[in-house]
Amino acid sequence: MSSERKQEGAGNTAPAKWHEETLAVHAALAPSQYGENSEALYLTSGYEQPSAEAAAARFAGEEDGYTYSRLGNPTVTSFEQRLAAMELAPAAIATSTGMSAILLLCMGLLKSGDHVVCSHSMFGSTIKLIGSEFAKFGVTTSFVAQTNLDEWRAAVTPQTKLLFAETPTNPLTDVCDIAALADIARAAGAWLAVDNCFASPILQKPMTLGADIIVHSGTKSLDGQGRVMAGALCASADLVNNVFAPVIRSAGMTLSPFNAWVVLKGLETLGIRMRAQSANALAFARWLSAQPRIAKVFYPGLESHGQHALAMRQQSGLGGSVLSFELKADNATDAKAKAFAVLNHLNLAKICTNLGDTKTLAAHPATTSHGRLTEAQRAQAGIGQGLIRVSVGLEHVGDLETDFLQALTHAA
Ligand SMILES: *Cc1c(COP(=O)(O)O)cnc(C)c1O
């Protein structure tokens, strides 16, 4: 166990008994001797050691104290404490990006010969990382249909070490039953990891539903204002201290203290942003559903969504900030031309592949986030050329409707 991590919990100013809204603004390390009210930004790579003996004891893990920021930093610790508190998770470990959190997950839990089951509608880079990069090291992966529990069950082998789910998915917002996947993982003696990027802890807390590990991209709604890259894993203290911390110590996918500070402050407003953006997204999804040039709208908050009842039960009654819609078209070439025309005529909403932002962002998944997948992988994931993903922000919905109405006329 690294000495820096023993320090977590010591001096945390927010006991776990407080409500989520309170933890979101208070969970952090105690203030310094100066009594700053806003958590301090410790922009330092190293720490002066009181003596050679103390340095030796800290590096050996026998004494608490920070040594070097690849191993631990007080601002990063505050972010880890606040995120863990909001996820009702025992511990968290921060990483430089969401993808490096998934890299840490795989490096920590998997070895050559192990097998992973995950949905074929996972985030595009996740499919590349696990399905291609880790295949080089002898890890095999079965990709199954997100919502078909029988496929997950049937894919499990004696070598299966990890089930990895993302719900709702990007970009089609398919929802899977976390508690049911936890049962399958437990029966298989495998870990269940859930990418909670789309829902955030405001909508769902996967560890309370039986997940072992939560994966986060802090870049998305946790920051929520499009400023920095960040990531994290939430898990038991044993996994964080004894499995993930030793890997990060050697591999170095560490979160910068500056980025940790930005996301720490982002967490303070996550609740009000997620609720407001979910309300905006629902109103906007209803409006899109009535547009004659749109074939289908994908949003968990709509009654027409394939897993609407499950989503409302699992996600605190909220649909989240992201939706997608498919344009009516004659064929793939026509669909792509129409989707590009709509995107190119948006004035208020921007073409940008980030999501969870306060500004509304639109993207063409088939040529961006999912552009590196093969045509067959895209078809399997249901991502057509006429699909547009929208991350709904905090603007007035009427302004979004005005903007999309004029852009949609160019899809004629
Ligand atoms: C963006 C995203 C990631 C990767 O996060 P980065 O911070 O961009 O590395 C992982 N999973 C999901 C669902 C995402 O949307």
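Colleague: How many bridges join E1 to E7, and do the two strands run parallel or antiparallel?

Modeller: Strands of a sheet pair through backbone hydrogen bonds, in a parallel or an antiparallel way. Keep in mind that this is a predicted model. Here E1 and E7 run antiparallel, joined by five bridges. To find your place, look at Ala91: its bridge partner in E7 is Ala235.

Colleague: Okay, and in what order do the strands of the open sheet come?

Modeller: Seven strands make up that sheet, ordered E1-E7-E6-E5-E4-E2-E3, with mixed pairing. At the edges you find E1 and strand E3 (140-144); each has a single partner strand, so one side of each lacks a neighbour in the sheet. Ignoring direction, neighbouring strands are turned by 20 degrees against each other on average.

Colleague: Which strands does H5 touch where it packs on the sheet?

Modeller: H5 touches E1, E4, strand E5 (191-195), E6 and E7, and its direction makes about 150 degrees with that of E6. H11 packs on the sheet too, touching E1, E5, E6 and E7; its direction is at about 20 degrees to that of E1.

Colleague: Now the core. Which residues touch the most other members of the largest nonpolar core?

Modeller: The general idea first: in soluble globular proteins, nonpolar side chains tend to be buried together. In this case the largest nonpolar core has 32 residues, and Leu105, Phe164, Leu233 and Phe244 touch the most other members. Among the elements giving two or more residues to this core are helix H5 (98-109), strand E4 (160-166), strand E7 (231-235) and helix H11 (237-251).

Colleague: What is Leu233 in contact with, leaving aside its neighbours within four places in sequence?

Modeller: Its partners include Ala91, Ala92 and Ile93, then Ala101, Leu104 and Leu105. Ile213, Ile214, Val215 and Phe244 are also in contact with Leu233.

Colleague: Which residue stands opposite Ser324 in E9?

Modeller: That's Phe298. Strand E8 (residues 294-298) pairs with E9 in the antiparallel sense over four bridges. E9 also pairs with strand E12 (residues 387-391), again antiparallel, over five bridges. There, Glu326 has Leu387 in E12 as its bridge partner.

Conventions: Residues numbered from 1 in each chain as written. Predicted model: local features only at pLDDT ≥ 70, side-chain atom pairs only at ≥ 80, totals over all residues. Heavy atoms only, no water. Core = buried A, V, L, I, M, F, W, Y, C linked by side-chain atoms within 4.5 Å. Buried < 20%, exposed > 50% of the residue type's maximum accessible area, 1.4 Å probe, protein only. Contact = heavy atoms within 4.5 Å. Pairing = 2+ DSSP bridges. Axes fitted to C-alpha atoms, helices over the stretch in contact; angles between N-to-C directions.
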